[in-house]
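Open the model in your viewer and keep the selection panel at hand.

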Amino acid sequence: MTQFLAMSNRKGGVGKSTISVMLAHAAASWGKRRVLLMDLDTQCNASLMLVGGEGWEKASRAGHTIADYFYDRFEKVAEDESTYVLANIGDVSHGRFFGGRVSLLPGSQRLEDIQNELFVMQSSKRELHADAVAVQVRGRMKRLMKHFGMDFDLVIMDCPPGLSFAALAALDLADHIVVPFRPDFVSQFAMDRVAMLIERVETGEQLASIPFGERRYSCLPNGLKGDGAERMLLEQLALDHPLLKTSLPALDSIARAFDWDETRKSMEQKYADALPHLRALHDEVFGVAQLRAKSA
Amino acid sequence: MRKKTRALSGASQEAFFRRVLRAHPGLSPEERDALLRKLRSEVAQVRVRVEPRAEGEAAAIIGKTAAPPEPPAKVIQSVPPPPAPTPAPFDPYSPNVVVVVRKGGREAALAALDSIDSVDNLRHLAREQRLSIGEEPVTAADVRAAIVTAAERRIANRMAAAT
């Protein structure tokens with residue numbers, strides 16, 4: 001059964017794409033899973049990390065991106081899903097006989113425009129209130145994303161910072177959501193908001209009434225420097241949100257790992273001293289997600 | 001006549017240490033805080049001598065209300081000689097005031113801040129914990145109250161943003 005994991009935070013620059021790619025590599029290498037990374041962010045950073053600028057541009061020109069997939073399906077163009085997928089990509093060697101591999105549904109800078117177009121298109125078809133059309137578009141996108149993921153063991157959805165239809169559809173679809181954040185002052189506001197969105201509540205009190213064990217999300221501290229200000233903020237956030245035990249320190253090796261390079265390498269070569277952190281993250285995230293999936 | 005003694009531990013012991021240290025004007029507030037932390041962590045109990053005719057006075061020493069200029073009680077046991085004044089670095093993130101207010105309310109936060117005597121340290125803590133207290137509070141008690149009020153405002157601010 002396909003497992004859907006979303007990487008989301010309404011705040012930008014918190015490491016969503018980096019962590020999506022790291023977890024995709026980890027799940028393919030160590031979990032031996034067939035992983036699809038669905039790039040929903042119009043910045044397309046995850047796509048660029050996995051196939052480089054030229055690879056992404058080629059897919060974009062060929063009309064093989066997530067925006068094209070949505071557009072074609074809404075227009076009932078019957079291309080096979082595999083047309084849009086770049087299979088077995090990334091610069092990590094997973095070994096021919098190991099079974100794990102990473103595939104990509106590339107992102108598109110046109111995704112937001114296309115979502116607006118789809119909304120207008122649906123509105124003109126029926127006499128419906130705008131909210132109802134929005135729900136319809138979102139629901140359709142969710143079904144399409146679910147359908148797309150069926151050939152994989154794991155789908156990681158790299159969400160954009162904003163609240164696009166696709167981002168909301170991904171949050172609806174996800175079995176579990178990882179919310180990466182940098183421990184700074186504004187993060188707590190962003191975390192509260194994304195948590196309320198995920199849990200579909202409107203106030204902090206309503207959110208507080210949901211036990212941590214029943215929440216659909218876990219928060220991942222990223223880019224830690226280990227100072228007292230971070231410690232203080234993490235203690236404060238832990239009162240309101242389930243934090244993963246694993247955190248990612250600010251490491252040059254993580255930043256360097258995403259300079260595009262065509263040469264395939266081992267996980268050890270790619271992630272260097274970040275490897276133990278990635279191993280801990282992989283074990284914890286998939287442990288938590290598994291647990292939630294079973295209890296659901 | 002045999003002299004009476006009284007055992008002190010916990011809050012009464014801390015109050016006693018505080019008074020002893022305050023009686024030494026040569027110590028800076030930072031050094032006093034450091035010594036207090038050290039004594040608190042290393043001494044489980046002290047026994048103080050109480051003169052029979054001065055029992056009321058001794059009770060005042062143990063309580064927090066009176067502030068005699070010099071401590072009339074003498075430590076006769078357990079207290080190691082005060083270490084050389086090499087103050088441990090002050091941790092401006094402890095206590096985490098927002099967390100203490102959220103968990104235990106205003107009084108708990110004031111109590112947690114009570115062990116910090118130095119106004120400079122309190123202001124340092126406020127600055128590092130992003131708790132805006134302004135310039136008006138001058139005494140340690142006023143600064144503590146301002147810190148807790150700022151933490152309450154901070155919590156209310158976040159609640160408002162999440163509505």
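How many residues of chain A are in contact with residues of chain B? Select both sides: 15 residues of chain A are in contact with 15 residues of chain B, two residues being in contact if their C-beta atoms, placed from the backbone, lie within 7 Å. This is a predicted model, in which local features need pLDDT of at least 70 and side-chain atom pairs count only at pLDDT 80 or more, while totals for chains, interfaces and linings use all residues. Residues are numbered from 1 along each chain as its sequence is written, and chains are lettered from A in the order in which they are written.

Next, select α7 (187-199) and α9 (228-237) of chain A, each of which supplies at least two residues of the side that touches chain B. Helices (H or I, at least four residues) and strands (E, at least two) are DSSP runs, numbered from the N terminus. The largest share of that side, six residues, comes from α9(A).

Along the principal axes, its C-alpha atoms fill a box of roughly 55 × 50 × 35 Å.

Return to α9(A) and select Met232(A), Leu233(A) and Gln236(A), its buried residues. A residue is buried if 20 or more other C-beta atoms, placed from the backbone, lie within 10 Å of its own. Look down the helix axis: the buried residues fall within an arc of 95° (of the directions from the axis to the C-beta atoms), so they line one face of α9(A).

Methods: Buried ≥ 20, exposed ≤ 12 C-beta atoms within 10 Å, placed from the backbone.
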